[in-house]
Each structure stands twice: as C-alpha cells, then as structure tokens.
Amino acid sequence: MVQHLENSGMIIVRGDLALATERTLAVVGVPRSGTSMVASALRSLGVYVGDKADDAVIEDVEIAGALERGDITDLDRLIADRNSRFDVWAFKRPAAYQYLSRYERRFRNLQYVVTFRDPLAIAMRNNISMFEDLVPSLTNATVALSDLVRSVAKLNRPALLLSYEKCVADPGALLDKLAEFAGIPLPAETKALAMNQISDNVEKYLQQSRLRYEGRIDQVTPRGVVRGWVRLIGSSRPIEVTLVVNGLPVKTILADQYRPDLERANKNGGRCAFEFESGGSYASASSIRVVTADGRFEIAAGVV
C-alpha cells in the first residue's frame, strides 16, 4: 500500500501503444533539463545514439541537422540507415518537441523520452555556464516549461516522463525505467557499468557546458580592413563583436558573414565571419583589437 504513495518521478504514459521490439526514442525537453544525462544513460545501456554524437552533450548532429533544415530526403536516408542496423535506436534534440509531431510518421514506432527540471535550477545553470542574468533566464525557463507541457499533452505516442531531480537521486531506477521503455534487457553487470558511466558523463557535461568562444583575426590590411571570425561553441547564434582601436571601442557588428573555408572547417555552416572597414582611418593605429561585445573573449590573430 505504501508503494502506491511513493513518487518516483518517472512514469510511462500511453505505454499501451508501445510495440514489443523495434522502436525509435526521441529525447526531448527544455535545454539544460537533463536530456544529456538521459542520452548518456541510453548509450550506456547499449542503445545507439548517433555516429557523430558529441561526447559531452550526446546529440546526434546528423539527425538534428536534417530536422532543423527540414531536409526530408536526408532525414529519410538517415532513418533508413539506422533502422537497417538497429532494432532500437535513439536521438537527442531538446527543442524537437516543438515540431517533431510533423515527422512522427517517418520514424519507426517513435516514442518520446521527456525530461523535466526545476526552472530555477535551469536558470542558475544558465547563469553559471552561460553568464545569463538570473531573473530573465528564470522567466524564459518557466515559459519554455509551460510550452513543453502543452506539447506533451498533445502527443499521441508513448512517452516516458522523467524528473531530473529524481533521476539524479536514483540513477538505478532511471536505468530500469529506460530499459523498460526501450524494451531491452538490463543484466546486473550492464546496469553497474552504466551507473558509473552516467556519473562520468554528468561531470564531463558540467565541465564542457560553460560558455566558450573560438575565433581568429585573419587579416588587417593597410587600408584599415579587419577580417576574421568568431563563434560560440555549441550554438549557431551569431555573435556581436566590437572593434577596439588604441583602447577605445569604435564599432560593433554581427559576425554572421558567410565564408566557404569556415563551412569546410565546420564553423557554424560558414556564417560566423566579420569584417570591419574604415577606409584607412585606423590603418596606422598602434593597437587594434577585436573582442566579443560582452567583453568575455578577445579574438587573437591567426588562421582557421
């Protein structure tokens, strides 16, 4: 009787629609709500999560790219490839809950794994890792959570709903529930190894999720043109950069120009270049610097 009063924070809804063998799992949720932990747990159970899944965030960049581009041909190709190799496979794309229903029929027996987390915890993580202001971040997290709940309510596929806080408190129960939902066996030795891997990957995620920039000043011409590129690692959002001449800020622009060499180097699809031009007014300046507009990163001279 007491067991019925326990709140595990992990529940399968519409489980009667699940099939016995072949299935595809989509890991979704508000960003920083634990989707990386869940994807890591699935991988530790032997579930395929992508050939090019990043070790820290465990996101299948091929599936994610096809979905974001709306490239049906590429998406169908990727799905067919995975279906031919695996009875059960998964992909993580946190914000995909906003549009994935349009593509449900293209996947084989699609099931959702949905993570939920305390909005304040999300806001504080964004504050620590991304330097976002706490109160606006809390507002954004709360709005996003409400949107997620509305989207989940409209789903007509099986879904495993997970509380991040409960999963962290009882990773063994998380592994049991994921194995049940995926329809895969969970031997004791596999479970023991998986629990160790979850701890390792959570630590790796915390270390690598902090705000990180990369970029270079490629050229400063005699006519006062300054060219280069910069990007925020893990984000496709263009970055504002400021030209500083002799210690004084001169101009701020968006680093969103396209360069084919940057595309070949896998730098935000090539759209992260910038160019300042003055007609020679600072060509002979003693100091020319380019920094991100937030002042957190100075772009050094170099090449791609």
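Tutor: In this predicted model, four strands form an open sheet in the order β9-β8-β12-β13, and their pairing is antiparallel. The edges are β9, residues 248-255, and β13, residues 298-299. Each of these edge strands pairs on one side only. Strands of a sheet pair through backbone hydrogen bonds, either parallel or antiparallel.

Take β8 and its two neighbours. Toward β9, the antiparallel pairing of β8 runs over seven bridges. Within that pairing, V241 stands opposite I253 of β9. The hairpin of β8 and β9 has two residues between the strands. In this hairpin, N246 takes a positive phi near 50 degrees. Toward β12, the count is five bridges, again antiparallel. Here β8 covers residues 239-245 and β12 covers residues 288-292.

The largest nonpolar core holds 29 residues. L67, L75, F91, L100, F107 and Y112 touch the most other members. Several elements give two or more residues to this core: the strands β2 (23-29), β3 (88-92), β4 (110-116) and β5 (159-163), and the helices α2 (61-69), α3 (72-85) and α5 (134-154). The top contributor is α5, with four residues.

Y112 deserves a look of its own. Leaving out residues up to four places away in sequence, Y112 touches A26, V28, L100, S101, E104, L155, R157, P158, A159, L160 and F181. There is also a second, separate core, of 26 residues. Among its members are L160, L175, F181 and A194.

Next, helix α3. This helix has 14 residues. From first C-alpha to last it reaches 20 Å, close to the 20 Å expected at 1.5 Å a residue. Its buried residues are D74, L75, L78, I79 and R82. They sit on the same side of α3 because they cover an arc of only 130 degrees around the axis. These buried residues pack against α2 and β3. On the other side of the helix, T73 and S84 are exposed. The N-terminal end of α3 is capped by D71. A side-chain oxygen of D71 lies 3.3 Å from the backbone nitrogen of T73.

T35 is found in α1, residues 35-44. T35 counts as buried because its relative accessible area is 3%, under the 20% cut-off. Setting aside residues up to four places away in sequence, T35 touches V27, V28, G29, K92, P94 and T115.

L120 lies in α4, residues 119-130. With a relative accessible area of 36%, L120 is partly exposed, because that value falls between the cut-offs of 20% and 50%. Not counting residues up to four places away in sequence, L120 touches L134 and L138. L120 and S137 are 17 residues apart in sequence. In space, their C-alpha atoms are 8.6 Å apart.

Definitions and conventions: Residues numbered from 1 in each chain as written. Predicted model: local features only at pLDDT ≥ 70, side-chain atom pairs only at ≥ 80, totals over all residues. Heavy atoms only, no water. Core = buried A, V, L, I, M, F, W, Y, C linked by side-chain atoms within 4.5 Å. Buried < 20%, exposed > 50% of the residue type's maximum accessible area, 1.4 Å probe, protein only. Contact = heavy atoms within 4.5 Å. Pairing = 2+ DSSP bridges. Expected span 1.5 Å × (residues − 1). Arc of directions from axis to C-beta. Polar contact = N/O pair within 3.5 Å; in protein donor to acceptor, adjacent residues only side chain to side chain.
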